[in-house]
Number of protein chains: 2
Amino acid sequence: MPQTPHLERHFTAGDVVRDIVIGMSDGLTVPFALAAGLTGGQVNTRIIVTAGLAEIAAGSIAMGLGGYLAAKSDAEHYASEREREYREVQEIPEEEMREVAEVFESYGLTREETWPIVQALRKRPQNWIDFMMRFELGLEKPDPKRALTSALTIAGAYIAGGFIPLTPYILASKPSTALLYSIAVTLLALLIFGFVKGLFTGMKPLRSALQTALIGSAAAGAAFAIAHAISE
Amino acid sequence: MPQTPHLERHFTAGDVVRDIVIGMSDGLTVPFALAAGLTGGQVNTRIIVTAGLAEIAAGSIAMGLGGYLAAKSDAEHYASEREREYREVQEIPEEEMREVAEVFESYGLTREETWPIVQALRKRPQNWIDFMMRFELGLEKPDPKRALTSALTIAGAYIAGGFIPLTPYILASKPSTALLYSIAVTLLALLIFGFVKGLFTGMKPLRSALQTALIGSAAAGAAFAIAHAISE
């Protein structure tokens, strides 16, 4: 499907940023919160590190493979919808021509104004199908390399994020000491990550930094409170 | 922005299904893998339940708030891009008219065939901007309720999924016994979830069921192996 270079750049950057944001948000937050929670649950650092590494393995595989399968299923959905549009253009062209006209009428154009386009598309069935996929159904042709890239990006971002809160527990022997260092380095990492995320996604960087740090704090606080209540 | 009812249905269903899939995939998988990992790490069920509940709290908050902020940032991105299109339509209308023509030319239409549409849009600046947002930039107007719905859907699906693998550890006192029941109920849940997910997303349900069970098994296997290696 032909796309303007502008559009393609727009979508590619958005997807990769979205994947890094998904992976690193959870990677920084969940192992951080789990380790904090277990510290509240009166557990030694060996168990916290074991749980943290198990969580990083599980989380990166689950999210990476999750991303892989989501992208694969998008690609299959596109293929099956395209097949259906192909049949409809062959079998009920009058109906499909009406649908093209309706797309334009929803932008306030009259039937007379849209008629030349409807006629022109009718002469080019392949372009017509591509047009319907994008403009009637709102589906973009998926990039075949997208599934693997998405999986590796999410998993890598999760692992990179996860080791930041866990490292103090690997280095320190006392959980309460490790927790303090873990809070310090993870809050700093969340602020930096949130700031950079803001620059990429067009959000105000400072607001993004504070919001991201707040999510991590909320998750860690909830995990600590729950684990502490159980261990009483 | 006016949308055909068909399109709106398509997108709404896709987003909710995507959110449930994101939340439940990880909710079923990560607490399952963490509990299995800690069983491999020679830890008692009290600690496994503590870690599991801390993980469910952390994971649902991180993913729910993550979904919330992602949807919010989509909405802000849309608003800032629309502002830019508005300015461009005012300040450089000739350039914008050329861009409309290019959208159609990428579908094989000639400049003569697209000219009536370009002229018609020029007469209706609001519709023109809406048209550019969707057809040049490929951006859909976000639903304002979407951010909160997305957050609650992801978090709820995560919690619902997470209690399935954890319940055997709450009921049984011996970790190895709990692990066997946890594997049985979670594999069954993953197969059912994968099957239903397949029905919604247009994938072959049986293939989806097996793939989903495989992700859970891979994550749990990796977590078990890592935790077991550390505890040696």
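A crossing is called left-handed if the near helix is turned anticlockwise from the far one by less than a right angle, and right-handed if clockwise. Helices here are DSSP runs (H or I, at least four residues), numbered from the N terminus. By that rule, H6(A) passes H7(A) in a right-handed crossing.

This is a predicted model, in which local features need pLDDT of at least 70, side-chain atom pairs count only at pLDDT 80 or more, and totals for chains, interfaces and linings use all residues. Side-chain values use heavy atoms, without hydrogens and water.

Helix H6 (residues 146–171) of chain A packs against helix H7 (residues 175–201) of chain A at an angle of about 155 degrees, and their axes lie 8 Å apart. Axes are lines fitted to C-alpha atoms, for helices over the stretch in contact, and angles run from 0 to 180 degrees between N-to-C directions. H6(A) is therefore roughly antiparallel (over 145 degrees) to H7(A).

The pLDDT is the predictor's confidence in each residue, from 0 to 100. For chain A its mean is 84, and 94% of the residues reach 70 or more. Among the elements of chain A, H6(A) has the highest mean (94), while helix H1 (residues 5–40) of chain A has the lowest (76). Where pLDDT is low, the predicted coordinates should not be read in detail.

Chain A can be laid on chain B with an RMSD of 0.1 Å by a turn of 180 degrees and a shift of 0.0 Å along the axis, after least-squares superposition on C-alpha atoms of residues with pLDDT of at least 70 in both. That is the relation of a two-fold axis.

Notes. Residues numbered from 1 in each chain as written. Chains lettered and ligands numbered in written order. Helix = DSSP H or I, 4+ residues; strand = E, 2+ residues; numbered from the N terminus. Parallel < 35°, antiparallel > 145°, perpendicular 65-115°, else oblique.
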